[in-house]
Every structure is written in C-alpha cells, then in structure tokens.
Amino acid sequence: MSDNTQNAENPVFSIEKLYVKDLSLEVPNAPRIFLDRENPQINVQLRTEASNVDEGIYEVTLTVTVSAKLAEDRTVFLVEVAQAGIFQIRNIPEGDLEPVTMIGCPNILFPYAREAISDAVTRAGFQPVVLAPVNFEALFQAQQQQSESREPGELPIQ
C-alpha cells in the first residue's frame, strides 16, 4: 500500500473558518435600567446545531443566549450570539461523527462565543458577563440519555 492510499484513509479534522453568524443585543428598558442598583438574575442557554455543507465539510453553530432580569421580571439585557465554524471532517466512522460535531466543535467555538457575549454586554454599558466553561461532553451524554423527541444535532440547555 502506498503512502497516498494510507493518508487517504486517515481521519481528517481541520478548521476551515470561524465566524459570527448572528449577533443580537437588546436593552429594552434603557435608559432607566441604568439607574437600577439591583443585581440582575442571569440566565444562559446553549444550543448546538450541525449541518453537512458539502462532502466532508460541516457547519457547526453554537448559539449562546444570555438574559439578565430584575426581580419584577424587567429585562436588563438580552444578548444572543450564533458562533459558527466550517470544519473539514473526513474518514471518521459514522458513529463518531455526532460526538465530533456536538462535543469537539463546540469546544472550539465556545471561547469565541464567550468573548462575543462579553464584548456586546460591555458595549451596551454593563459589566462584562464572563461565562463559565462548559462541559460539552457531559451535555451531549445527558442529551443522549433523554427522550428521542428532540431533533438530532440540537442540545438545548436551560
């Protein structure tokens, strides 16, 4: 067997492009909300989706939504970023593809999404929100154990 044949069968994983696919920020109660001294309740939601773009090329999107609300259910801010990446994934066994796109890729995307969230919140005039690290492997395993009613490739985390 030649080296070219062996290389053709080796697993391939590479980042082709990382980008912000969507970014939104709302401060619905400005400017009065800036006068409030109460600490808001922060809620973080994550969702991961993967789609096949071309042969061996996948787009993975990690959507992070952060909302801050006061006790009276008044929204301080709502920020959502869809951090995406195009990944070349070839010669990976079919059973390993979903863990790569739902664990490996989100691990790469999360630091970029965290930075975009922090930057947007700071630009809105608030203290930065620094998201804690996320264990995507544990989330994936928990999602696998839940009912099969969810769409494949989606990890809703409350």
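A search of the whole structure, which is a predicted model, finds four aromatic pairs, where a pair means that the rings of Phe, Tyr or Trp (its six-membered ring) have their centres within 6.5 Å, and where planes under 30 degrees apart count as stacked, over 60 as edge-to-face and the rest as tilted. In one of them, the ring centres of F13 and F87 lie 5.7 Å apart with their planes at 25 degrees, so this pair is stacked. Because F13 belongs to strand 1 (residues 12–26) and F87 to strand 4 (residues 75–90), the pair ties together parts that are 74 residues apart in sequence; here helices (H or I, at least four residues) and strands (E, at least two) are DSSP runs, numbered from the N terminus. F13 is partly exposed, with a relative accessible area of 36%, whereas F87, at 0%, counts as buried, since buried means under 20% relative accessible area, exposed over 50% and partly exposed in between, for a 1.4 Å probe and protein chains only.

F77 and F126 form a tilted pair, with 5.2 Å from centre to centre and 40 degrees between the planes. F77 lies in strand 4 and F126 in the loop between helix 2 and helix 3, so this pair ties together parts that are 49 residues apart in sequence. F77 is buried at 3% relative accessibility, F126 is buried at 14%, and together with F34 they form one aromatic cluster.

Of its 33 residues, V64, V66, F77 and I117 touch the most other members. Strand 3, strand 4, helix 2 and helix 3 each supply at least two residues of this core, and the largest share, 12 residues, comes from helix 2.

Helix 3 (residues 136–145) has F136, F140 and Q143 as its buried residues. These cover an arc of only 65 degrees around the axis, which puts them on the same side of helix 3; the arc is that of the directions from the helix axis to the C-beta atoms. They pack against strand 2 (41–54), strand 3 (57–69) and helix 2 (94–123), where contact means heavy atoms within 4.5 Å.

Residues are numbered from 1 along each chain as its sequence is written. In this predicted model local features need pLDDT of at least 70, side-chain atom pairs count only at pLDDT 80 or more, and totals for chains, interfaces and linings use all residues, while side-chain values use heavy atoms, with hydrogens and water left out.

Notes: Core = buried A, V, L, I, M, F, W, Y, C linked by side-chain atoms within 4.5 Å.
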